[in-house]
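Here is a friendly walk through the model, meant to be read with the structure open beside you. Please follow along residue by residue as the text goes.

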Amino acid sequence: AVGKSAVLIYTFPFWTLLFARIALGERICGLQWLGVALAGTGLALLLEPWNAGGNQFSRILAVLSGVSWAISTIIAKNWRSRGDFDLLTVTAWQLLLGGLVCCAITLAVPSRPIEWTGYFVLLIFASGVIATAFGWLLWLMILKHLSAGVAGLGMMAVPALGVLFSRLHY
C-alpha cells in the first residue's frame with residue numbers, strides 16, 4: 001500500500017541517525033535514543049519478518065530506498081565538511097546520472113509505448129525538474145546548516161502527510 005511504502009521509505013531518518021553516529025561522529029542524545037528504539041520496533045512490526053509472504057521483497061526494497069537516502073545524506077554532509085561545493089552542480093549531476101539509470105530500467109522492463117503528449121511532458125518536467133531538483137537543492141541547503149540526524153528527524157512529517165493526503169478524495 002502507498003502508506004506503508006511511504007513509511008518504509010521514510011525510515012531514512014532512523015538510518016541517518018545511526019550512520020551519522022558511525023560516519024560523522026554525531027552524537028545521539030537523550031530522547032533521540034528513545035526515538036531510535038521506537039523506530040526500530042516500528043520497522044520490525046512493519047516488515048513482519050514472521051510473515052514472509054509475497055510482499056516481503058517489496059518491503060525490503062522500500063527500506064533499502066530509505067537506507068540509500070540516508071547514505072547519500074551522510075555523503076553530502078561529509079562533502080560539506082571537506083569544503084564548499086556548488087549545490088546546483090551536484091544536484092544536476094545527481095539528476096542526470098539517476099535519470100540515465102531510470103531510462104535503462106524503462107528499456108529493460110516491458111511495457112506499452114509512451115504516448116508523448118504535451119500533458120505528459122509537462123508532468124515529467126514538473127516532477128523531474130521542478131519537484132525533484134528543487135527538493136534536492138533545498139535538502140542540500142538544509143544539510144549545510146543542520147546536523148544530518150536533526151535534518152533527518154525533521155523529515156518525519158512527510159510520511160504522515162503522505163498517508164493523510166493519500167486518503168483525501170477529489
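## Contacts and overall build

Residues 24 or more positions apart account for 77% of those contacts in the protein that have a separation of 6 or more, a contact being heavy atoms within 4.5 Å. Before going on, please keep in mind that this is a predicted model, in which local features need pLDDT of at least 70, side-chain atom pairs count only at pLDDT 80 or more, and totals for chains, interfaces and linings use all residues. Residues are numbered from 1 along each chain as its sequence is written, and side-chain values use heavy atoms, with hydrogens and water left out.

The protein has eight helices and zero strands, and its elements run α-α-α-α-α-α-α-α from the N terminus on. Helices (H or I, at least four residues) and strands (E, at least two) are DSSP runs, numbered from the N terminus. Of the 170 residues in the protein, 28% are buried. Here buried means under 20% relative accessible area, exposed means over 50%, and partly exposed lies in between, with a 1.4 Å probe and protein chains only. The protein exposes about 11,400 Å², and carbon and sulfur atoms supply 73% of that area. Accessible areas come from the Shrake-Rupley method with a 1.4 Å probe, and for residues only the protein chains shown count as cover.

The structure holds six aromatic pairs. Rings of Phe, Tyr and Trp (its six-membered ring) pair if their centres lie within 6.5 Å; planes under 30 degrees apart count as stacked, over 60 as edge-to-face and the rest as tilted. Two of the pairs share Phe12, and the table sets them out.

| Pair | Centre to centre | Angle between planes | Type |
|---|---|---|---|
| Phe12 and Trp69 | 3.8 Å | 10° | stacked |
| Phe12 and Trp139 | 5.8 Å | 75° | edge-to-face |

Phe12 lies in helix α2 (residues 12–24) and Trp69 in helix α4 (residues 56–82), so their pair ties together parts that are 57 residues apart in sequence. Trp139 lies in helix α6 (residues 118–145), so its pair with Phe12 in helix α2 bridges parts that are 127 residues apart in sequence.

How buried is Phe12? Its relative accessible area is 0%, while Trp139 is buried at 5%. Trp69 is buried too.

Thr73, another residue of helix α4, is buried with a relative accessible area of 0%. Not counting residues up to four places away in sequence, Thr73 touches Phe12, Thr16, Trp139, Leu143 and Ala148.

In soluble globular proteins, nonpolar side chains tend to be buried together. A nonpolar core is a set of buried Ala, Val, Leu, Ile, Met, Phe, Trp, Tyr and Cys residues joined through side-chain atoms within 4.5 Å. The largest one has eleven residues: Leu8, Phe14, Trp15, Leu17, Ile28, Val36, Leu43, Ala62, Val63, Val67 and Ala70. Elements giving two or more residues to this core are α2, α3 (31–47) and α4, and α4 gives the most, with four residues. Apart from this core lies another, of ten residues, among them Trp136, Trp139, Leu140 and Met155.

Which residues does Phe14 touch, not counting residues up to four places away in sequence? Phe14 touches Val36, Ala39, Gly40 and Leu43. The buried residues of α2 are Phe12, Pro13, Phe14, Trp15, Thr16, Leu17 and Ala20. After α2 comes Gly25, whose phi is positive, near 75°.

Ser5 belongs to helix α1 (residues 2–9) and counts as partly exposed at 32% relative accessibility.

## On the surface

Phe57, Ile60, Leu61 and Leu64 form a nonpolar surface patch with about 400 Å² of accessible area together. Patches are made of residues with over 30% relative accessible area and no salt bridge: like charges are joined within 9 Å, nonpolar side chains (Val, Leu, Ile, Met, Phe, Trp, Tyr) within 5 Å. Ile60 sits in helix α4 and is partly exposed at 39%.

A salt bridge is a side-chain nitrogen of Lys or Arg within 4 Å of a carboxyl oxygen of Asp or Glu, and the count here comes to one. Glu115 forms a salt bridge with Arg112, their closest N and O atoms being 2.9 Å apart. Glu115 is exposed at 53% relative accessible area, and Arg112 is exposed at 63%.
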